[in-house]
Amino acid sequence: MQITEVKIRKMKMRMKEPFSTSFGTMQDKHFMLLEVHDEMGNIGWGESVAFDAPWYTEETVETSLHMLRDFLIPLLLGEKIEHPDQVGSLFSPIRGNNMAKAAIECAVWDLYAKRNRISLAEALGGQRQRIEVGISIGIQKDFNQLVEKIQHYLDEGYKRIKVKVKPGADIDVLRRLRDVFPEVPLMADANSAYSLADIDLLKQLDEFSLLMIEQPLAHDDIIDHAILQKQLKTPICLDESIHSLEDARKAIELGSTKVINVKIGRVGGLSEAKRIHDYCMEKGVPVWCGGMLEAGIGRAHNIALTSLPNFIFPGDTAGSSRYWEKDIIEPEVVVEDGYITVPTAPGIGFTPDLDAIEKFTTDLWPFREE
Ligand code: OSB
Ligand code: MG
């Protein structure tokens, strides 16, 4: 397929509620939508996941925009591509900037699947007809509000609860939560808020039979996590530290992680996400799909990826209504009894709602072959 045209839309959408982690609070979501056109008039869609500020990783909306406009789109425009796996090789001279790369690589995957009249899940080798989902709950104002939120999402059917922890809101909160919800599949995500100096506190996590503790230590560490894991029964799950298959291999070999959170953006696209999935499956390491508070297009890519067999734990891909008054796809993503049905229509299998997209677009840049 020939890539004849690419469009970047800068988007702004307000979330229903602010989302707080150990690194900050977000309510307005700025991101980019990517449209990739082929010579036959097919269109593939992708969504960028970097946030406004470099709190989660070093990339931001503006760095992604810069990379896309000045480096990645010029590399892709006019190229003949047989398979989306080639996009990664095309981008390999550009170091890092995985979220920028993933935004457009995902659009090429959607385009490829649409051209071949198969679903994105099928193009990736996914087998599940529905995926089991959990929910990630941000830090709340007080304990009662947290309990209410959890109960609400359990009533909606979510299969696993993830809470955010930070110094000063950790062991005590988890202990009280376990009193209220003794049996609920529960995990905690620290977003790198601790160091090995907190080892005595972290060892207390073992009291709560958590499914796992996500990214307790530094965002760029795999050494200290291995030291911590030796002293912890609770499995460690790495999120921020994993940017590639190589990172995953090293972390697993060192014993730094027993589970991996796969985020398409963080690892540079669907091809690398699938490679990590395949490697972990071979090693008997379960994975699950993380989230970046995506709108509908990014959410659709996560759903397709999660249909692969080694996505063992429920992921963070919740329904559209958890984030948005009105999502940008038709139909919206719905969760029923804790499951999302994997679409079977060509490509991402959801239709971009062009009116809604128009409404949330703040800038638009078209790029064509010379
Ligand atoms: O660490 O997984 C994370 C949200 C923003 C930044 C980082 C993370 C998260 C989440 C929410 O946990 C996942 C979602 O609901 O999309
Ligand atoms: Mg995380």
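**Reading the labels of a predicted model**

Me: Asn191 is found in the loop between strand 7 and helix 7 (199–203). What makes a stretch count as a helix or a strand here?

Reply: Helices are DSSP runs of H or I with at least four residues, strands are runs of E with at least two, and both are numbered from the N terminus. The model is a predicted one, in which local features need pLDDT of at least 70 and side-chain atom pairs count only at pLDDT 80 or more, while totals for chains, interfaces and linings use all residues. Residues are numbered from 1 along each chain as its sequence is written, chains are lettered from A and ligands numbered from 1 in the order in which they are written, and side-chain values use heavy atoms, with hydrogens and water left out.

Me: Why is Asn191 called buried?

Reply: The relative accessible area of Asn191 is 7%. Buried means under 20%, exposed means over 50%, and partly exposed lies in between (1.4 Å probe, protein chains only). Asn191 therefore counts as buried.

Me: What makes the backbone of Asn191 worth a remark?

Reply: Phi of Asn191 is near 40°, a positive value in a residue other than glycine. Most residues other than glycine have a negative phi. Leu293 has a positive phi as well, near 55°, and is placed in the loop between strand 11 and helix 11. At 8% relative accessibility, Leu293 counts as buried.

Me: Which residues are closest to ligand 1, and what makes a residue part of its surroundings?

Reply: Ligand 1 is surrounded by 19 residues, and the closest are Ser136, Asp189, Asn191, Leu293 and Tyr323. A residue is near the ligand if one of its heavy atoms lies within 4 Å of it. By class, this shell has 8 nonpolar, 3 polar and 8 charged residues. Ala, Val, Leu, Ile, Met, Phe, Trp, Tyr, Cys and Pro count as nonpolar, Asp, Glu, Lys and Arg as charged, and the others, Gly among them, as polar.

Me: How do you know that ligand 1 makes polar contacts with Asp239, Lys263 and Leu293?

Reply: A polar contact is a pair of N or O atoms within 3.5 Å; within protein, one must be able to donate a hydrogen and the other to accept it, and residues adjacent in sequence count only if both atoms are side-chain atoms. An oxygen atom of ligand 1 lies 3.1 Å from a side-chain N or O atom of Asp239, and for the side chain of Lys263 the distance is 3.0 Å. A polar backbone atom of Leu293 is 2.8 Å from an oxygen atom of the ligand. Taken alone, ligand 1 exposes 390 Å², and the protein buries 100% of that. These areas come from the Shrake-Rupley method with a 1.4 Å probe.

Me: Why does Arg266 count as buried, and which backbone atom lies by its side chain?

Reply: Arg266 lies in the loop between strand 10 (259–262) and helix 10 (270–283). Its relative accessibility is 1%, so Arg266 counts as buried. A polar atom of the Arg266 side chain lies 2.4 Å from the backbone oxygen of Asn261.

Me: How do you know that helix 11 is mostly covered, and why is Glu294 called buried?

Reply: In helix 11, 11 of its 11 residues are buried, including Arg299, His301 and Asn302. Glu294 is in the loop between strand 11 (287–289) and helix 11 (296–306). With a relative accessible area of 5%, Glu294 is therefore buried. Its C-alpha is 8.6 Å from that of Thr317, 23 residues apart in sequence.

Me: Why is Pro366 called exposed?

Reply: Pro366, in strand 15 (residues 361–368), has a relative accessible area of 51% and is therefore exposed. Pro366 and Glu5 are 361 residues apart in sequence, yet 7.4 Å apart in space, C-alpha to C-alpha.
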